[in-house]
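Good morning, and thank you for making time for this. Please look over the chain as it comes up, and I will then go through it piece by piece.

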Amino acid sequence: MLSLTKVQQSFVLTTPHLPNTPVVHASDLFLQLTGYTREEVIGQNCRFLQGPDTEPTAIQLISESLLAVRPCTVRILNYRKDKSPFWNLLHIAPVRSAGGKVAFYVGVQLHANLVEDESSGGITPHMKQLGAVGAIRVAVRSLHGEGLRRAHKRADL
């Protein structure tokens, strides 16, 4: 069984079933990228990454895609815990349960400055994100109902 901890990508899972769509899981790479601890992230909406120069059009695109229950990719200026900005190539996608209902949203982050430094050969950044989304979907579907309930309860804390 593939576990979420084996996905080697910066990502968060949020639940649309609780008010404010809180984070219920944050990968270690997400914590490294942002400088936050898991305790500071779980239960928060990802808006805590926004800051004074985050573009409203990027925020609007994210909101529209969540309302339409469709994936989106956006380059957005986010901020680390120490308030330093970083360009985030963010891909958000719904993750459906085996029954077809949206169980979570996954947000996969790529530090955009690192993306620009990579060569164009091989796997593209978007392909990396889609691969991570696929692995996360498999991991989520492999969780038993009890595992999903535990994730939702943690967000209530």
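Predicted model: local features only at pLDDT ≥ 70, side-chain atom pairs only at ≥ 80, totals over all residues.

Across which strands does helix α3 lie? Helix α3, residues 56-68, lies across β3, β4 and β5, and runs at about 135° to β3; the helices (H or I, at least four residues) and strands (E, at least two) are DSSP runs numbered from the N terminus, and the angle, on a scale from 0 to 180 degrees, is taken between N-to-C directions of lines fitted to C-alpha atoms, for helices over the stretch in contact.

Residues are numbered from 1 along each chain as its sequence is written, and side-chain values use heavy atoms, with hydrogens and water left out.

Now to the sheet, which is open and has five strands in the order β2-β1-β5-β4-β3, with antiparallel pairing; two strands pair if DSSP finds at least two bridges between them. Because β2 and β3 (72-79) stand at the edges with a single partner strand each, one side of each is left without a neighbour in the sheet. Strand β4, residues 85-96, pairs with strand β5, residues 102-111, over nine bridges, and R96 has V102 in β5 as its bridge partner.

Let me turn to the largest nonpolar core, which has ten residues, among them V23, V41, Y36 and F48. Such a core is a set of buried Ala, Val, Leu, Ile, Met, Phe, Trp, Tyr and Cys residues joined through side-chain atoms within 4.5 Å, where buried means under 20% relative accessible area, exposed over 50%, and partly exposed in between, with a 1.4 Å probe and protein chains only. Leaving aside residues up to four places away in sequence, V41 touches V23, A26, F30, L31, Y36 and F48, contact being heavy atoms within 4.5 Å.

How are the rings of Y36 and F48 arranged? They form an edge-to-face aromatic pair, 4.8 Å centre to centre with 80° between the planes; rings of Phe, Tyr and Trp (its six-membered ring) pair if their centres lie within 6.5 Å, and planes under 30 degrees apart count as stacked, over 60 as edge-to-face and the rest as tilted. Y36 counts as buried at 15% relative accessibility, and F48 counts as buried at 19%.
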